[in-house]
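Here is a briefing on one protein chain. Look over the sequence and the model, then read the points below.

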Amino acid sequence: MYPILLSIGRINIYSHGLMIAIGAAAGGYLVYLLAKQRGLNTSNLFDVIVYSLLGGLVGARLLYLILYPDQFSGFIAMISIWYGGLVSFGGIFTGLFIAWVILKAKKEPVRKWFDIGIIGLFIGWAFGRIGCFLNGDGLGIISQSKIAIWGHI
């Protein structure tokens, strides 16, 4: 697959990270547009997105630590996310919880925000899954079907 899309000197642009960043930006922008359309106050939206993404990263790592504790030799290995080891559902649930806390604290209509926010979440998740595919994660099973994805493993 294509885990590294571009290398400039010693700097690598990784497909998975880039697709997650594109997904976060596209999902966040879509939520912004939908919120404007529905007359919601968007002044706190950037904070909600950033803190939810950061909290989601922590939650994704924590769930990985819970599910695979035998893979770590010490504290440094536990926090070294650049070597991989995130579980998307941990990130999603933690990010949603943080968004809920912030929206409640700001006295925003949580249900209205979650109605449009879930659309942005799925847009971001779709881009992230494309990044997983480009990285070579979770390819599935070998198939001879005419509609299967063909490539070199």
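Helix H4 buries Gly 90, Gly 91, Ile 92, Gly 95, Ala 99, Ile 102 and Leu 103. Buried means under 20% relative accessible area, exposed means over 50%, and partly exposed lies in between (1.4 Å probe, protein chains only). The model is predicted: local features need pLDDT of at least 70, side-chain atom pairs count only at pLDDT 80 or more, and totals for chains, interfaces and linings use all residues. Residues are numbered from 1 along each chain as its sequence is written, and side-chain values use heavy atoms, with hydrogens and water left out.

**H4 in detail**

- The buried residues of H4 pack against H2 and H5. Contact here means heavy atoms within 4.5 Å.
- H4 has 18 residues, which should span 26 Å at 1.5 Å a residue. Its end C-alpha atoms are 26 Å apart, so the two values agree. The expected span is 1.5 Å times one less than the number of residues.
- Just after H4, Lys 107 takes a positive phi of about 60 degrees. Lys 107 is a residue other than glycine.
- Lys 107 sits in the loop between H4 and H5. It is exposed, with a relative accessible area of 73%.

**H2 against H4**

- Two packed helices are described by the angle between their axes and the distance between the axes.
- H2 and H4 pack at an angle of about 145 degrees, and their axes are 6 Å apart. Axes are lines fitted to C-alpha atoms, for helices over the stretch in contact; angles run from 0 to 180 degrees between N-to-C directions.
- H2 passes H4 in a right-handed crossing. A crossing is left-handed if the near helix is turned anticlockwise from the far one by less than a right angle, and right-handed if clockwise.
- On the H2 side, the contact residues are Asp 47, Val 48, Tyr 51, Ser 52, Gly 55, Gly 56, Gly 59, Ala 60 and Leu 63. They meet Phe 89, Gly 90, Gly 91, Thr 94, Gly 95, Ile 98, Ala 99, Ile 102 and Leu 103 in H4.
- By class, this contact of H2 with H4 has 9 nonpolar, 8 polar and 1 charged residues. Ala, Val, Leu, Ile, Met, Phe, Trp, Tyr, Cys and Pro count as nonpolar, Asp, Glu, Lys and Arg as charged, and the others, Gly among them, as polar.

**H2 and its other partners**

- The buried residues of H2 are Leu 45, Val 48, Ser 52, Gly 55, Gly 56, Gly 59, Ala 60, Arg 61, Tyr 64 and Leu 65.
- They pack against H1, helix H3 (75–79), helix H4 (88–105) and helix H5 (110–135).
- The 23 residues of H2 should span 33 Å at 1.5 Å a residue. The end C-alpha atoms of H2 are 32 Å apart, which agrees.
- The axes of H1 (residues 15–37) and H2 (residues 45–67) come within 11 Å and cross at roughly 150 degrees.
- Ala 24, Gly 28, Val 31 and Tyr 32 of H1 make this contact with Leu 45, Ile 49 and Leu 53 of H2. The contact of H1 with H2 has 6 nonpolar, 1 polar and no charged residues.
- The crossing of H1 and H2 is right-handed.

**The strand pair**

- Strand E1 (residues 4–8) and strand E2 (residues 11–14) pair in the antiparallel sense over 4 bridges. Two strands pair if DSSP finds at least two bridges between them.
- Ser 7 has Asn 12 in E2 as its bridge partner. Ile 8 has Ile 11 in E2 as its bridge partner.
- E1 and E2 form a hairpin with 2 residues between them. In the turn, Gly 9 has a positive phi of about 65 degrees.

**Phe 133**

- Phe 133 lies in helix H5. It is partly exposed, with a relative accessible area of 29%.
- Phe 133 touches Met 1, Leu 139 and Ile 149, not counting residues up to four places away in sequence.

**Whole chain**

- The protein chain holds 5 helices and 2 strands. Helices (H or I, at least four residues) and strands (E, at least two) are DSSP runs, numbered from the N terminus.
- Along the sequence the pattern is β-β-α-α-α-α-α.
- Of the 153 residues, 27% count as buried.
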